[in-house]
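This report describes the central sheet of one protein model, the helices that cover it and the nonpolar core between them. Please consult the sequence and the structure alongside the text.

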Amino acid sequence: MSRRRADHAPRALVSVVTLGAAAGLLGVAARAALHRQAAQARGAIGKPWGETPTTPDANRVWRRRYGGTALDLLVIGDSVAAGLGAEHRKDTLGGRLAKGLGKALRRPVRLTMAAVVGAETSMVAAQLDGLPADYRPDVAVLVVGGNDVIHRVAVEESVAHLREVLERLREAGVPTVVGTCPDLGAIRPVPQPLRALGARVSRQLAAAQTRTAVDCGAHAVSLARVVGPFFLTDPEGMFSLDRFHPSAQGYRRTAAALVPSVLVALGEQQAVPPGHHRPLTPGRASTVPRAERGEGGVVR
């Protein structure tokens with residue numbers, strides 16, 4: 001996806017209804033009202049980072065002071081996975097995950113951020129393709145789905161691409177945690193009923209992502225359930241300047257929600273809180289030791 005398309009992702013949310021679900025369901029007057037709400041939302045959200053937003057470079061070894069062999073963490077997905085909205089690398093989702101895992105395991109964490117702002121699920125495979133051929137992370141975290149909703153990608157198509165990525169990671173022996181599509185109903189600048197319809201579509205995708213993830217041997221975390229209430233009750237603190245992507249506080253909450261399942265995927269913890277879903281059956285991603293993963297990397 002071009003950066004220009006990524007920049008306009010918040011504004012494109014309004015097309016979920018006006019060009020999608022509302023068509024054929026609402027009368028002319030209702031559709032006109034939704035178009036007016038769309039214009040209102042576009043003005044409210046704006047583009048605080050200009051035409052070419054960038055994310056802090058968080059690729060580094062975190063918690064070096066612990067010493068020993070670093071845990072290799074791969075983060076893939078969309079703008080949330082990339083940390084858009086964070087001002088400092090320590091506040092990105094990857095930075096927060098690396099610090100949280102390092103503290104829990106008392107070991108360094110080498111973070112590789114391959115996520116791309118504006119990515120749909122269909123674009124995540126290319127993120128794997130861009131990694132070095134011999135790269136094999138100890139665990140991967142994938143957060144994606146918001147842009148699929150915004151750009152009206154069919155749920156069936158979206159989860160088909162998700163399955164492709166998860167199967168590749170499983171074949172490579174990489175334990176994977178999927179953070180499912182956030183609840184777009186938490187975006188306050190989008191008025192009702194436009195917001196409610198966006199919420200419904202995002203929840204439908206999240207449910208399908210959960211089923212696909214656990215079927216592919218991955219772990220799934222319902223971000224709408226685990227962290228969604230914080231975005232609903234404290235939008236000023238949880239959202240960044242664009243009122244669409246998480247703030248530093250929002251990323252801290254989101255990372256904290258993902259860490260328990262990452263620890264379970266690594267075999268370092270057994271119990272997980274509500275909203276976390278284990279694989280339906282033991283998959284190679286969680287049972288094959290790293291030493292037995294073969295010579296190939298994730299991308300081959």
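## Basis and terms

Two strands are taken as paired if DSSP finds at least two bridges between them. Helices (H or I, at least four residues) and strands (E, at least two) are DSSP runs, numbered from the N terminus. The model is predicted, so that local features need pLDDT of at least 70 and side-chain atom pairs count only at pLDDT 80 or more, whereas totals for chains, interfaces and linings use all residues. Residues are numbered from 1 along each chain as its sequence is written, and side-chain values use heavy atoms, with hydrogens and water left out.

## The sheet

Seven strands make up an open sheet of mixed pairing, in the order E1-E3-E2-E4-E5-E6-E7. Strands E1 (61-62) and E7 (276-277) stand at the edges; each has a single partner strand, so one side of each lacks a neighbour in the sheet.

Strand E3 (residues 109-113) runs parallel to strand E2 (residues 71-77), to which five bridges join it. Within this pairing, Leu 71 is opposite Val 109 and Leu 74 is opposite Thr 112. Towards E1, E3 is antiparallel and joined by two bridges, with Trp 62 standing opposite Val 109. Four of the five residues of E3 are buried, where buried means under 20% relative accessible area, exposed over 50% and partly exposed in between (1.4 Å probe, protein chains only).

## Helices across the sheet

Helix H6 (residues 93-105) lies across E1, E2, E3 and strand E4 (139-143), and runs at about 150 degrees to E2. Helix H9 (residues 155-171) lies across E2, E4 and strand E5 (176-179), at about 170 degrees to E4. Axes are lines fitted to C-alpha atoms, for helices over the stretch in contact (heavy atoms within 4.5 Å); angles run from 0 to 180 degrees between N-to-C directions.

H6 and H14 pack with their axes 8 Å apart, at an angle of about 45 degrees. This makes H6 oblique to H14, given that angles under 35 degrees count as roughly parallel, over 145 as roughly antiparallel, 65 to 115 as roughly perpendicular and the rest as oblique. Among the residues that meet are Leu 97 and Leu 101 in H6, and Leu 258 and Val 262 in H14.

## The nonpolar cores

A nonpolar core is a set of buried Ala, Val, Leu, Ile, Met, Phe, Trp, Tyr and Cys residues joined through side-chain atoms within 4.5 Å. The largest has 35 residues, of which Leu 73, Leu 97, Leu 101, Leu 111, Val 141, Val 143 and Leu 258 touch the most other members. Two or more residues come from each of E2, helix H5 (79-82), H6, E3, E4 and helix H14 (248-265); H14 gives the most, with eight. A second, separate core of 22 residues includes Ala 114, Val 144, Val 165 and Cys 216.

## Val 141 and Leu 258

Val 141 belongs to strand E4 and is buried, with a relative accessible area of 0%. Residues up to four places away in sequence aside, Val 141 touches Leu 73, Leu 74, Val 75, Ile 76, Leu 97, Val 177, Leu 258 and Val 262. Val 141 and Val 75 are 66 residues apart in sequence, yet their C-alpha atoms are 4.9 Å apart in space.

Beyond its neighbours within four places in sequence, Leu 258 has contacts that include Leu 93, Leu 97, Val 141, Val 143 and Val 177.
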